Amino acid sequence: MLNIRSPEEPYLVERNPGYFEYQLPVSVKAVIGWRGRLPLLRNERDEWELPGGKLDLGEDPAQCLAREIQEELAWDVTVGEPFHTWVYRVFPHRHVLVLTFLADYDGDATPTFSDEHKELVLVTPDEAGALNLPEGYRTAIRQAVERGHLR
């Protein structure tokens, strides 16, 4: 039987008597460089986020990310290395482990967006700073720039 610490903390699961650990969904995201810009998507909470999605049971993270980007942007990307991880406190009772990868798109097609999101923008890293973007995504974008990923 699964025991949680409290209804307010359903992500803390008891593994041994009195010992609780995180049980979190995993979301894979990408900082995608394309013509000096990166795509961001506006979600149902009116936050901007990097493209990507939840890891399915048994799915390889890089393959999941390529699939999610194809679904969300209609782009076939080259997924690089993971480089940034953080725990996103979406709501007090909902935490998600976010694993961010570098990715590239070298095609000519302008991205489209699926009905999973409200809006799509292509922005420079500096322009991203003015958007309602969770801090973990800001950090990932900054680190991608520092690595020379977005030029």
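Mentor: What follows goes through the sheet, the cores, the charged pairs and the rings in turn.

Mentor: This is a predicted model, where local features need pLDDT of at least 70, side-chain atom pairs count only at pLDDT 80 or more, and totals for chains, interfaces and linings use all residues. Residues are numbered from 1 along each chain as its sequence is written, and side-chain values use heavy atoms, with hydrogens and water left out.

Trainee: What makes strand 1 and strand 2 a pair?

Mentor: Strands are DSSP runs (E, at least two residues), helices are runs of H or I with at least four, and both are numbered from the N terminus. Two strands pair if DSSP finds at least two bridges between them. Strand 1 (residues 12-16) and strand 2 (residues 19-22) have 4 bridges, in the antiparallel sense. V13 stands opposite E21 in strand 2. The two strands form a hairpin with 2 residues between them, and G18 in the turn has a positive phi of about 80°.

Trainee: Which strands make up the open sheet, and in what order?

Mentor: The order is 6-3-8-7, 4 strands with mixed pairing. Strand 6 (52-54) and strand 7 are the edge strands, as each pairs on one side only. Neighbouring strands are turned by 20° against each other on average, direction ignored. Strand 7 and strand 8 pair in the antiparallel sense over 10 bridges. In that pairing, P82 has F101 of strand 8 as its bridge partner.

Trainee: What lies across this sheet's strands, and at what angle to strand 7?

Mentor: Helix 3 lies across strand 3, strand 7 and strand 8, at about 155° to strand 7. Axes are lines fitted to C-alpha atoms, for helices over the stretch in contact, and angles run from 0 to 180 degrees between N-to-C directions.

Trainee: What makes a set of residues a nonpolar core?

Mentor: The members are buried Ala, Val, Leu, Ile, Met, Phe, Trp, Tyr and Cys residues, joined through side-chain atoms within 4.5 Å. Buried means under 20% relative accessible area, exposed over 50%, partly exposed in between (1.4 Å probe, protein chains only). The largest core has 21 residues, and those with the most contacts inside it include V31, L40 and I141. Strand 4 (38-42), strand 7 (78-91), strand 8 (94-104), strand 9 (119-123) and helix 3 (135-146) each supply at least two residues of this core. Apart from it lies another core of 16 residues, among them A30, W34, C64 and I69.

Trainee: Which residues does L40 touch?

Mentor: Contact means heavy atoms within 4.5 Å. Leaving aside neighbours within four places in sequence, the contacts of L40 include W48, L50, V121, L133 and I141.

Trainee: Why is the pair R35 and D108 called a salt bridge?

Mentor: The rule asks for a side-chain nitrogen of Lys or Arg within 4 Å of a carboxyl oxygen of Asp or Glu. R35 and D108 come to 2.9 Å, N to O. So the pair qualifies under the 4 Å limit. R35 lies in the loop between strand 3 (26-33) and strand 4, and D108 in the loop between strand 8 and strand 9, so the pair ties together parts 73 residues apart in sequence. By this rule the count comes to 17 salt bridges.

Trainee: How do you know that R35 is exposed?

Mentor: Its relative accessible area is 57%. Exposed means over 50%, so R35 is exposed. Phi of R35 is near 55°, a positive value in a residue other than glycine.

Trainee: What is E119, buried, exposed or partly exposed?

Mentor: E119 has 31% relative accessibility, so it counts as partly exposed. E119 forms a salt bridge with R42, the closest N and O atoms being 3.0 Å apart.

Trainee: Why is the pair W86 and Y137 called edge-to-face?

Mentor: Rings of Phe, Tyr and Trp (its six-membered ring) pair if their centres lie within 6.5 Å; planes under 30 degrees apart count as stacked, over 60 as edge-to-face and the rest as tilted. W86 and Y137 are 5.2 Å centre to centre, with 85° between the planes. So the pair is edge-to-face. W86 lies in strand 7 and Y137 in helix 3, so the pair ties together parts 51 residues apart in sequence. W86 and Y137 are buried.
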